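I opened my notebook to record what I looked up in this structure.

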Amino acid sequence: MTDVQAGDAEALLRIAVATAAEAGRLLASWRGDERPEVVQTKSSPTDVVTEMDRRSEALITSRIRAHRPGDAVLGEEGGQTAGGAAPAGGDASLPGRVRWVVDPLDGTVNYLYGLRDWAVSIAAEVDGTVVAGVVEVPRHGETFTAVAGQGAWLHRGEARLALHCTTAVPLGQALIGTGFGYDPGRRQVQGEVLAALLPYVRDIRRGGSAAVDLCSVAAGRLDAFYERGLNYWDFAAGGLIAREAGAVVGGLAGKTESTAMAVAAGPGLYEQLETFLTRLNPERDAQRSQERDG
């Protein structure tokens, strides 16, 4: 866990858990009577931002700043902001060089359509290493947490369950989660990769939230997950949770997980899936032959 003490990481996790729970309550306060307003599109007309994304990130940033004013925050909507000087008498017992990696609403399209698989994801990183993470899934009443070196946990009400990924699952019997980007050229290649993989696995699931999918690998609800095009905030907390549940998390050809490719699976299956995907050259995008309709 680098040179960070376990108690330091646990203290960071407590801040993350309380903050994610509050953001989750804010987001869940919209009951689905009408769709929240789309205020912006990002990479394409289908890649949307709602007012609730922004409100959630503003809340998370303000709560983190209240506890740790000197820390940097990397958020999906606001980018990276540096912390100010820590006041005298602040949290001097906690480690310095902390950056918080925040996805205020992972699964925005699910949220927009009233589907249940969306989450608040917060990771605490020290000197470039994620040491604590939480994924709050309000519509399922579930909170997934991990501290590096201390395992992964599912909290449901007062219950606390240790998480363990599936093991000894061959590729042909694996239930695999994935997701798709928003650029048409990327989606074309992702569809080709999926079509090539599908005959060789038990089945495919597309949940719509990478953070939830990674926690599903940790909980044994999925045997594996892969996706091209994720951002760091999509997998920072969920990747730690999957790792602490025993999964291997990385990219292709020995690389670490990244925007190019993120893969998570139990030992053995990870190697099979990574080898299969590598043959398909999935880290590419097709040339766009025409503009998107509409």
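**Entry 1**

I began with Arg97, which is exposed at 52% relative accessibility. The model is predicted, so I treat each value as computed from that model. Which residue does Arg97 meet in a salt bridge? I found Asp127, with N to O at 2.5 Å. Asp127 sits in the loop between β6 (119–126) and β7 (129–137). Arg97 sits in the loop between β4 (79–81) and β5 (98–106). The two residues are 30 apart, so I note that the pair links distant parts of the chain. Asp127 is partly exposed, at 43% relative accessibility.

**Entry 1: other salt bridges**

I searched the whole structure and got 11 salt bridges. I noted the general idea: side chains of opposite charge can pair when their charged atoms come close.

Next I looked at Arg221 and Glu142. Their closest N and O atoms are 2.8 Å apart, and they form a salt bridge. Arg221 is in the loop between α5 (210–218) and β13 (224–227), while Glu142 is in strand β8 (residues 142–147), so this pair ties together parts 79 residues apart in sequence. Is Glu142 buried or exposed? Glu142 is buried, at 7% relative accessibility. Arg221 is partly exposed, at 38%.

Then I checked Arg284 and Glu192. This salt bridge has its closest N and O atoms 3.8 Å apart. Glu192 belongs to helix α4 (residues 184–197) and Arg284 to the segment after α7 (269–279), so the pair ties together parts 92 residues apart in sequence. Arg284 is partly exposed at 29%, and Glu192 is partly exposed at 38%. I also wrote down a network: salt bridges that share partners join Glu142, Arg156 and Arg221.

**Entry 2: helix α6**

I moved on to α6, residues 232–244. How far does α6 reach from its first C-alpha to its last? I read 18 Å for its 13 residues, close to the 18 Å expected at 1.5 Å a residue. Where is the kink in α6 centred? I found the kink at Gly238, with a bend of about 30°.

I then checked how covered α6 is. Of its 13 residues, 10 are buried, and the helix is mostly covered. Among the buried ones are Trp233, Phe235, Leu240 and Ile241. Gly238, where the kink is centred, is buried as well. After α6 comes Gly246, and its phi is positive, near 105°.

**Entry 3: Asp103**

I looked up Asp103 next, which lies in strand β5. Asp103 is buried, with a relative accessible area of 0%. What does its side chain reach at 3.4 Å? I found the backbone nitrogen of Asp106. I left aside neighbours within four places in sequence and listed the contacts of Asp103: Glu76, Ala119, Val120, Ser121, Trp233 and Asp234. Trp233 and Asp234 are both buried residues of α6.

**Entry 4: cysteines**

Cys165 is buried, with a relative accessible area of 9%. Cys215 is buried too, at 0%.

Technical notes: Residues numbered from 1 in each chain as written. Predicted model: local features only at pLDDT ≥ 70, side-chain atom pairs only at ≥ 80, totals over all residues. Heavy atoms only, no water. Helix = DSSP H or I, 4+ residues; strand = E, 2+ residues; numbered from the N terminus. Expected span 1.5 Å × (residues − 1). Bend = angle between axes of the 7 residues up to and from the residue. Buried < 20%, exposed > 50% of the residue type's maximum accessible area, 1.4 Å probe, protein only. Salt bridge = Lys/Arg side-chain N within 4 Å of Asp/Glu carboxyl O. Polar contact = N/O pair within 3.5 Å; in protein donor to acceptor, adjacent residues only side chain to side chain. Contact = heavy atoms within 4.5 Å.
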